[in-house]
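Subject: Two-chain model, handover and notes

Dear colleague,

Please find the model below, with notes on what was found in it.

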Amino acid sequence: MATTRVLRRALPLTGAALLAFSGTASAAGDGDGKSDAPSEAGTSFRTATAIRQDQKATAEASTGDYLYWAFPVDTGQRATVHATVKLPEAAARHAASTWQVDVYDGLRRRQACRLGTPRKTVARDAASVSLSCSLRTVRAWSEQWANDPLPGTYYLRLTVTGLKADDLGLPVRAEVDVTATDAGGAQAVDGSLAEPLVPGAGSDDQRPAEVTEPEDGWSSGWWSSRWIWTGVGGVLAALAGVGGYALTRGSGRPAGVPQGR
Amino acid sequence: MITRQRPAAWALALLAALTAGLVTAGPAVADDDGDAPAQPSPKVELVLDVSGSMRARDIDGKSRMAAAKQAFNEVLDATPDEVALGIRTLGANYRGDDRRTGCKDTELLYPVERLDESGRTDAKTAVATLAPTGWTPIGPTLLKAADDLTDDTAERSRRIVLISDGEDTCQPLDPCVVAREISAKGIHLTIDTLGLVPDAKTREQLSCIAEATGGTYTSVRHTDELAGRVKQLVDRAADPVVTPVEAKGADRCAAAPELKSGLYTDREKFGEHRWYRVAVPAGKELRASVSVSADRAVDPDYGVLLRAETPNGREIVRGQESGDGRTDVISTGLRHPTPEADDEDEEAASETVCLRVSNSFSAPASVKKAPGLPVELAVDLVDSPDEASDVASFGLGHGWWLLGLLVLVGFVAGLVWGWLSRWRFAVWRTN
């Protein structure tokens with residue numbers, strides 16, 4: 001069972017490596033435009049702008065717009081989204097406003113924030129507002145009834161939730177970026193998805209124009225530091241076994257054994 | 001057993017690598033020349049209010065009309081080649097006081113077509129001749145503009161950019177209701193609105209129009225803001241996007257439409273239940289997400305429930321979400337993997353899953369309940385996951401306790417083994 005699973009996990013990896021090879025060749029031809037951070041945001045799940053981790057994306061928008069970005073998070077990562085909104089000039093505003101970031105997974109299920117300030121109310125004369133949301137560790141697998149974060153596309157929605165009607169439609173500038181840390185082998189769980197939770201993963205023609213994928217492809221999920229812990233444990237056990245054995249035998253021959261036997 | 005499988009594993013990996021190489025080589029070539037014609041060019045219509053109030057000189061010291069003209073010039077220069085662009089005016093011709101005539105005053109200034117060099121010049125010349133004149137018939141103009149954009153049935157994105165400085169003067173036809181009805185036709189039409197130095201009523205009306213179609217509302221106080229925003233909206237229309245297919249859900253599972261993998265739209269009334277069916281082959285995982293948009297003023301607390309059931313009515317899994325406050329959409333999703341087939345009979349069989357979408361939106365009595373709220377349903381079928389057989393990855397261990405235990409057990413085992421062999425040696429010697 002375990003062997004077949006290693007095999008099944010390794011196969012997509014090989015394919016992905018090849019894809020990556022052919023991908024880099026074509027990406028090089030596209031010019032430098034692709035490496036630039038996006039300066040637009042989508043307005044719905046379907047039109048969300050794809051961004052990568054550690055990429056500062058910006059967007060010009062109007063107060064009241066719903067801004068969507070999509071980014072990939074892989075197994076074992078703890079992602080944090082940061083958003084900063086440069087508010088319209090204070091003279092044009094009439095009251096305090098409340099801003100909010102929401103994060104949704106590839107199935108459009110809302111994800112909880114472990115830490116951070118996903119919602120903040122700012123005074124009328126504030127120049128900007130900063131929001132953040134740290135997601136739970138992304139697991140390789142979870143039961144279908146659970147809402148646990150799984151590897152795949154994540155959506156970030158930034159909007160104003162509390163606003164005096166007079167302040168609607170004023171120009172704002174939003175800046176978002178997504179960072180992630182590795183949770184380590186302690187969080188590695190068994191099982192794996194056949195495909196990451198990416199919209200349209202099952203059929204090519206429904207894939208959104210901008211597909212979110214980690215730069216070096218999705219991890220196959222079989223490697224974790226648990227292999228090292230367990231392996232080192234085995235070696236140490238063997239050494240301790242040899243040590244224990246040697247202890248019973250003393251440093252030389254047992255007493256009473258004649259020479260030369 | 002494990003060692004025997006290994007050569008087979010390498011052979012398989014090699015085979016997969018080769019196939020992957022072939023597969024990627026194939027479509028990569030087809031993509032370059034196959035993609036462009038497949039996506040019909042997006043259509044955009046700029047609708048400009050040329051009513052008398054556009055004479056007011058309050059945008060950077062210039063009249064609103066002058067600001068709009070300057071912005072149009074910049075936008076026409078910057079319009080991407082693939083976008084078909086048209087211009088319609090409202091209130092440009094009739095100076096009289098007759099309301100009925102004034103409310104019919106709308107004209108297609110420049111037809112919706114892809115702009116070449118001379119086209120851009122023609123369009124600019126046409127805009128230059130405009131002078132602020134008459135009424136503000138927003139509702140009738142939107143209907144006409146929608147007709148301009150839907151002269152064909154191709155699946156393309158359509159966008160109206162409405163620039164106005166005053167509220168509609170042709171009640172009782174509420175432009176907001178008109179916009180919602182246009183949107184319900186399923187023609188992928190978005191209306192973005194821009195208010196020029198708007199008052200409270202104008203802002204309310206324009207933002208209502210935008211909300212009804214999933215568009216955006218902007219209030220403009222400076223010329224550069226106007227040009228920048230319209231350019232941005234036209235560029236947005238040029239972005240390729242997946243267009244959903246219309247699917248009409250039924251009131252019970254038996255009559256429900258059968259959905260394949262894809263993206264669907266529907267309309268669902270307040271408190272209505274809609275059913276869809278998906279046939280999930282053995283060894284596949286069903287992924288379904290649903291989002292219900294709030295395209296009108298709704299009460300502050302709302303929710304959505306997506307339920308997967310067997311045809312007998314047993315619930316398999318559900319996705320649910322609730323929320324409160326200002327929102328554009330509420331969404332949820334679910335996964336339902338089916339086990340691999342054990343024999344060939346089962347392989348051909350597929351499980352029918354009934355999907356039920358319900359919402360708990362409500363609206364104040366003053367808000368029109370028809371047409372229903374827009375629903376977007378994404379259905380995806382992928383291979384089933386590898387179920388976990390242990391909590392930890394492959395059942396492997398982790399941490400200092402594990403190391404300590406292994407060392408201890410190894411040491412004890414070594415001692416016991418040593419004592420045993422000593423004892424055996426002693427027994428052998430005595431004999």
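**Sheet in chain A**

His82(A) stands opposite Asp177(A), a residue of strand 10 of chain A. Strands here are DSSP runs of E with at least two residues, helices are DSSP runs of H or I with at least four residues, and both are numbered from the N terminus. This is a predicted model, in which local features need pLDDT of at least 70 and side-chain atom pairs count only at pLDDT 80 or more, while totals for chains, interfaces and linings use all residues. Residues are numbered from 1 along each chain as its sequence is written, chains are lettered from A and ligands numbered from 1 in the order in which they are written, and side-chain values use heavy atoms, with hydrogens and water left out.

Strand 4 (residues 77-86) and strand 10 (residues 171-182) of chain A pair in the antiparallel sense over 10 bridges; two strands count as paired if DSSP finds at least two bridges between them. They belong to an open sheet of four strands in chain A, with the order 2-10-4-8 and antiparallel pairing. Strand 2 and strand 8 (128-134) of chain A are at the edges with a single partner strand each, so one side of each has no neighbour in the sheet. On average, neighbouring strands of this sheet are turned by 20° against each other, direction ignored (axes are lines fitted to C-alpha atoms, for helices over the stretch in contact, and angles run from 0 to 180 degrees between N-to-C directions).

Glu60(A) and Arg173(A) form a salt bridge through their side chains (2.5 Å, N to O). A salt bridge is a side-chain nitrogen of Lys or Arg within 4 Å of a carboxyl oxygen of Asp or Glu. Glu60(A) is in strand 2 and Arg173(A) in strand 10 of chain A, 113 residues apart. Over all chains, the search finds 33 salt bridges.

**Interface of chains A and B**

Contact (heavy atoms within 4.5 Å) involves 94 residues of chain A and 87 residues of chain B. The two chains bury about 7400 Å² between them, 56% of it on carbon and sulfur atoms; buried area is the accessible area (1.4 Å probe) that two parts lose on being put together, summed over both. Arg46(A), Gln144(A) and Trp229(A) supply 10% of the area that chain A buries against chain B, more than any other three residues.

Five salt bridges are found across this interface. Arg157(A) and Asp328(B) meet through their side chains in a salt bridge (2.7 Å, N to O). Helix 1 (2-29), strand 2 (57-62), strand 9 (152-162) and helix 2 (226-249) of chain A each supply at least two residues of the side that touches chain B. Helix 2 of chain A gives the most to that side, with 17 residues.

**Chain B**

An open sheet of five strands in chain B has the order 7-9-16-11-14 and mixed pairing. Strand 7 (245-246) and strand 14 (329-337) of chain B are the edge strands; each has a single partner strand, so one side of each is left without a neighbour in the sheet. Strand 9 (residues 262-268) and strand 16 (residues 373-383) of chain B pair in the antiparallel sense over seven bridges, and Gly262(B) stands opposite Val379(B) in strand 16.

Two backbone points remain. The peptide bond from Ala370(B) to Pro371(B) is cis, with omega near -5°; Pro371(B) lies in the loop between strand 15 (350-359) and strand 16 of chain B. Asp60(B) has a positive phi, near 50°, and is placed in the loop between strand 1 (43-49) and helix 2 (64-78) of chain B.

Regards
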